Amino acid sequence: MTFVVAEQKDGALNRASWEAVAAAATLGSPVTVVVVGSGPSPATKELSAADVTEVISLEHEALGVYTPDAYVQALAGLIAAESPALVVFTHTYQARDFVPRLAARLDRALVTDCTGVKAGAPHVFTRQMFQGKVAADVTLEGPAPHLATFQIGAFRADAAKKASQLANVRSVAAAVDPDAVRQRPEAPFREAKQAVDLSQAERIVAVGRGIKSQEHIALARQLAEALGAELAASRPICDSGWLPMERQIGSSGQTVAPKLYLALGISGAIQHVVGMKGARTIVAINKDPDAPIFEIADYGITADLFEVVPALIAALKE
Amino acid sequence: MKIAVCVKQVVTREWQVRINDAKTWVRDQDATWELNEPDAFALEEGLRLREQHGGDVVVVSAGPARVTQVLREALARGADRAIHAAGDHLASADGFATADALATALADEKPDLVLTGLQSDDQGLAQVGVVLAEKLGIPHSTIIMEITVQSGSAPGLRVKRELEGGWFQWMAMPLPALLTIQSGINQLRYATLKGIMAAKKKEIRSVAVTPPEKPRQTIRSVYVPEKAKATRRISGSPAEAAKTLVAALRDEARVIS
């Protein structure tokens, strides 16, 4: 039996949970989906359409708002009672926050941020290392259950099969001691309204560490103007204040899918790639021929961007 | 306040990764090493908290003998003393073995606050901090942007967590606690000459760590990933490459007019 732990907030399902369902389905065992919350929710109902054995609604009033302590208690109890062979998650910020602690509480092996899995005995998980420059096949050791998280986008949400009949939803009362929950969460908020909606841009020029200093942003801006593109950046550029945070692409910024994405001096760390790999045509200009950005690029130029970009601006104006 | 900061030594970003003959790890005998960048932000946050609230910053690293380099670097930036959780098995250990080693090193320290980076630039597991919190029996929170400390009879933290898609959330918890720090939240200080000289006199205590009986994770093979896409590599002089690319974007990809 494979468990998939889905993610919901205020009853709304995180779309990335369907990816975990799709990942689990490739492993050949019956799949049970677990939704953690204060009671049945629209998320539970939505997931019952999946081609799975059943949906467990793991319920306690202390699970209404996410805290790692309450989630770990509730899921450790359920997993110990039901003994699945494998428990699958999507590698979201929330999963990063509690899954390692859950594995430690259960004293069971965990592999994180996987990009694929080959079913077998044992299952062989694929994950990236060294900033995406190499991949590794890893196996988990020790007694079941094992835990695995899959990178966002590693599986397609629409690959998760639907069944003709809704799966049974089983409510399970979670064992949570509210006094043992030490985190006291406040309501989530947004810092500022996003002024630029980069998701609507047809063309984007994005800059990374390779731009080297703030004064060179002007060069990227000239290229963006010549292409009729919006200017965006990877996280380090926005952290340095060279471009506003609202122009950040990646897991902590915006997700975009333009017709053209031109990456200047961007190495292609996964935190950036998850935000732009849906682009139709990707161009990478980078000095490092081994930069992971070339893995997903349609066109690649290995060169100094400070030489190529002025030439590009000139060529576009011809 | 006693603050422990866990740091890892990783190969430099510039080092060209080469795979070892057994294809189980990288050939890092000739690598250059540096402080894992996400951990540098945790160290900086620890130093700032000490400046605000007083106390000590103890920096801890798990690994073979070479990791004393990053401990010395952290001492030069201003940490008060260092602990080396020493074991050759820690060079490519899984997150549980690393967390075990750090917990062993911290066993007698009883820090009020433990800080780690978000994840490492080598394995990138994003497990160690959270597993360590469980082993130490203290609450944790991850991807932290801002920390406020409440002292007094019930010492605690109020921290700003980053959620996905531009959302944030404040979370309160009692001390002692462990936090993993979001990269980029502060401006890093670098070691001054004075700091480097002072670091030579600071203590690095070594704690021997025995390998776990059985690892939790085995790396079966390491390889260069297969390309998901056929990339057309454009060569030539900058002017030639630029012309070729513009033509391709106009006529082949049809994404510019």
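What percentage of the 318 residues in chain A is made up of buried residues? In this predicted model, buried residues account for 57% of chain A. The C-alpha atoms of chain A occupy a box of roughly 70 × 45 × 40 Å along the principal axes. The radius of gyration of chain A is 22 Å, which agrees with the value near 20 Å that a compact globule of 318 residues would have. Chain A comprises eight helices and 18 strands. Of the contacts in chain A between residues at least 6 apart in sequence, 66% join residues at least 24 apart.

Chain A is assigned two domains, with domain 1 covering residues 2-180 and domain 2 covering residues 198-317. The centres of domain 1 and domain 2 of chain A, taken over C-alpha atoms, are separated by 34 Å. Contact between these domains of chain A involves seven residues of domain 1 and eight residues of domain 2. The side of domain 1 of chain A that touches domain 2 of chain A consists of one nonpolar, five polar and one charged residues.

Within chain A, strand E6 (residues 86-90) is mostly covered, five of its five residues being buried. The cover extends to both faces of E6(A): Leu86(A), Val88(A) and Thr90(A) lie on one side, Val87(A) and Phe89(A) lie on the other, and all are buried. E6(A) pairs in the parallel sense with strand E1 (residues 2-6) of chain A over three bridges. In this pairing Val4(A) has Val88(A) of E6(A) as its bridge partner. E6(A) also pairs with strand E10 (residues 146-150) of chain A, in the parallel sense and over five bridges. Here Phe89(A) has Thr149(A) in E10(A) as its bridge partner.

In chain B, strand E10 (residues 177-181) is largely enclosed by the rest of the structure, because five of its five residues are buried. Ala177(B), Leu179(B) and Ile181(B) point one way from E10(B), whereas Leu178(B) and Thr180(B) point the other way, and all are buried. Strand E6 (residues 113-117) of chain B pairs with E10(B) in the parallel sense over five bridges. Opposite Leu115(B) stands Leu179(B) in E10(B). E7(B) pairs with E10(B) as well, in the parallel sense and over three bridges. The bridge partner of His140(B) in E10(B) is Leu178(B).

The two chains also meet one another. In total, 66 residues of chain B are in contact with 68 residues of chain A. On the side of chain B that touches chain A, two or more residues each come from helix H4 (128-136), strand E7 (140-150), strand E9 (167-174), strand E12 (217-223), strand E13 (232-233) and helix H6 (238-252) of chain B. H6(B) contributes the most to this side, with nine residues. By class, the side of chain B that touches chain A holds 37 nonpolar, 15 polar and 14 charged residues. Strand pairing also links the chains: strand E9 (residues 134-140) of chain A pairs with E12(B) in the antiparallel sense over six bridges. In this arrangement Ala135(A) stands opposite Tyr223(B) of E12(B).

Key
Residues are numbered from 1 along each chain as its sequence is written. Chains are lettered from A and ligands numbered from 1 in the order in which they are written. This is a predicted model: local features need pLDDT of at least 70, side-chain atom pairs count only at pLDDT 80 or more; totals for chains, interfaces and linings use all residues. Two residues are in contact if their C-beta atoms, placed from the backbone, lie within 7 Å. Helices (H or I, at least four residues) and strands (E, at least two) are DSSP runs, numbered from the N terminus. Ala, Val, Leu, Ile, Met, Phe, Trp, Tyr, Cys and Pro count as nonpolar, Asp, Glu, Lys and Arg as charged, and the others, Gly among them, as polar. Two strands pair if DSSP finds at least two bridges between them. Domain bounds come from an automatic or database domain assignment. A residue is buried if 20 or more other C-beta atoms lie within 10 Å of its own, exposed if 12 or fewer, and partly exposed in between; C-beta atoms are placed from the backbone. The radius of gyration is taken over C-alpha atoms; the globule rule is 2.2 Å times the number of residues to the power 0.38.
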